Amino acid sequence: MKEFLNFINGEYVRNASGKIFENRNPVDNSLIGNVFEAGQAEVDAAVVAARAALKGDWGRLAIGERVKLLDAVANEINRRFDDFLQAEIADTGKPYDLASHVDIPRGAANFQVFADTIKSMSTESFNMRTPDGKTALSYGVRVPRGVIAVVCPWNLPLLLMTWKVGPALACGNTVVVKPSEDTPATATLLGEVMNAVGMPKGVYNVVHGFGPGSAGEFLTKHPGVNGITFTGETRTGTAIMQAAAVGVRPVSMELGGKNAAIVFADCDFQTAVDTVTRSCFENAGQVCLGTERVYVERPIFDKFVAALKVKAETMKPGLPFEKDTKIGPVISKEHQKKVLSYYQKAKDQGATVVTGGGVPEMPEALKDGCWVQPTIWTGLPETAAVVTDEIFGPCCHISPFDTEEEVLAKVNNNPYGLATSVYSQDIGRANRMAQSIEVGLCWINSWFLRDLRTSFGGSKQSGIGREGGVHSFEFYTDLRNVMVKF
Ligand code: NAD
């Protein structure tokens with residue numbers, strides 16, 4: 001059985017309290033190992049180590065040396081690709097194909113991309129004449145913000161954690177990471193990588209635990225933390241912002257969504273069906289950018305619903321390493337219960353269940369896993385729970401629409417504003433829509449296609465700030481202005 005220890009000041013440590021919690025594999029609910037929950041003492045030690053590293057070797061490194069270390073981290077993740085893959089798959093139950101093409105390569109790329117981006121980071125400078133006839137030059141300097149708390153969710157554990165740790169370290173900060181209690185493995189393993197490449201002690205720290213009354217709360221309330229970057233539910237984001245208000249610490253928030261897809265009758269039908277299938281069901285619907293509301297122009301509504309049903313029914317659930325597995329379980333028993341409660345609500349509110357709606361028939365050995373069926377509903381009003389609330393499961397509701405104005409109003413009538421995709425061959429119309437939808441990310445005839453140099457983040461209750469490319473540097477550095485008179 002495995003043990004997941006905290007990683008503080010370059011060393012794996014247990015805890016003073018002796019508190020442990022279980023890490024279970026969602027495919028069959030089997031025990032992977034025990035996690036050592038960090039208490040106030042471990043969080044204090046991690047923050048102290050992170051602060052000391054800022055003042056020590058790490059803080060003295062030139063950008064070129066930092067970049068070399070980040071490149072080495074990326075290379076070491078790739079060298080230990082299989083270890084990361086096994087760890088991520090055991091924690092999440094996601095199919096091999098997905099973890100090996102998305103989670104782990106992007107985990108490594110997040111260090112490489114930000115190492116590249118930091119090399120060419122520039123700041124503004126202005127020359128001006130002073131009232132006494134002399135010259136003044138002002139220029140910006142970006143300095144690290146300090147100790148960054150990184151609080152992560154469970155849906156893409158390594159990918160989303162490194163999406164923050166990569167730029168934070170590139171900018172010269174140090175980090176204390178609080179991975180999700182459901183997925184402690186890859187953050188723990190990354191400690192070995194840091195030591196292997198010679199990362200100075202205290203630059204990367206990991207504290208395990210939950211939110212309230214545990215490591216998450218202790219870390220985000222810690223006065224030694226200079227900034228908090230968080231990905232997770234909007235409700236949790238609210239609690240973290242309250243914690244950050246004490247000491248006026250800046251936050252970067254990547255929060256929930258209730259993303260729509262808009263399918264016009266003039267779309268490339270097969271592209272739309274294939275892409276919406278992915279956006280609804282990939283990673284068992286547990287992608288923040290995933291689609292849970294689909295709006296289809298009336299002339300192709302019936303044909304589209306029928307085609308998506310066929311696709312949903314090909315999403316074979318199964319073990320991650322089996323070749324024909326298309327969908328894994330959801331993350332936990334608790335999340336399975338939440339998703340199934342929405343499946344029940346849809347029935348209670350009178351939905352037509354086009355496909356799914358329950359738990360799939362699984363072989364005896366997997367019966368205790370956290371399985372749910374890919375599910376499609378039609379026939380519900382815009383006020384129904386499954387049309388308004390984020391479910392974070394493999395499901396969608398499909399509604400017909402007649403005009404651009406109507407669909408735009410429906411898509412925007414939601415407190416979230418993370419992502420939307422528009423399918424149309426009329427590129428003018430698609431762009432018109434993209435500019436009117438209240439979201440941080442809009443795809444046209446595609447989904448989850450990312451260039452890591454571009455901005456990423458949500459509007460409305462889906463987030464605060466943007467990460468990605470140079471935008472990450474806005475959060476991970478403090479911009480200082482220097483004015484010199486000569
Ligand atoms: P969550 O908010 O329940 O938990 C996220 C993290 O916050 C966990 O590590 C948890 O332990 C910690 N936490 C919980 N309460 C806390 C508190 N009071 N103080 C400090 N830390 C606390 O989210 P989740 O269930 O892990 O992830 C799913 C959610 O994440 C969905 O809402 C999804 O949309 C969102 N998400 C958003 C993005 C994005 O980029 N916008 C990406 C992925 C996931």
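**Close-up views of a predicted model**

**View 1. Domain 1 and domain 2 have C-alpha centres 31 Å apart.** The domain assignment gives domain 1 as 2-255 + 462-485 and domain 2 as 259-451; such bounds come from an automatic or database domain assignment. This is a predicted model: local features need pLDDT of at least 70, side-chain atom pairs count only at pLDDT 80 or more, and totals for chains, interfaces and linings use all residues. Residues are numbered from 1 along each chain as its sequence is written.

**View 2. Domain 1 touches domain 2.** The contact takes 16 residues from domain 1 and 25 residues from domain 2 (contact: C-beta atoms, placed from the backbone, within 7 Å). On the side of domain 1, helix H4 (81-92) and H5 are the elements that give two or more residues. Helices are DSSP runs of H or I, at least four residues, numbered from the N terminus. The residues on this side of domain 1 divide into seven nonpolar, six polar and three charged (nonpolar: Ala, Val, Leu, Ile, Met, Phe, Trp, Tyr, Cys and Pro; charged: Asp, Glu, Lys and Arg; polar: the others, Gly among them).

**View 3. Helix H3 (residues 63-79) packs with helix H5 (residues 96-119).** Their angle is about 160°, and their axes are 8 Å apart. Axes are lines fitted to C-alpha atoms, for helices over the stretch in contact, and angles run from 0 to 180 degrees between N-to-C directions. H3 and H5 are therefore roughly antiparallel (angles over 145 degrees).

**View 4. Residues of H3 meet residues of H5.** From H3 come residues including Ile-63, Val-67, Leu-70 and Ile-77. Among those in H5 are Gly-107, Phe-111, Phe-114 and Ile-118. By class, this contact has 11 nonpolar, three polar and two charged residues.

Note on methods:
Angles under 35 degrees count as roughly parallel, over 145 as roughly antiparallel, 65 to 115 as roughly perpendicular and the rest as oblique. Two residues are in contact if their C-beta atoms, placed from the backbone, lie within 7 Å.
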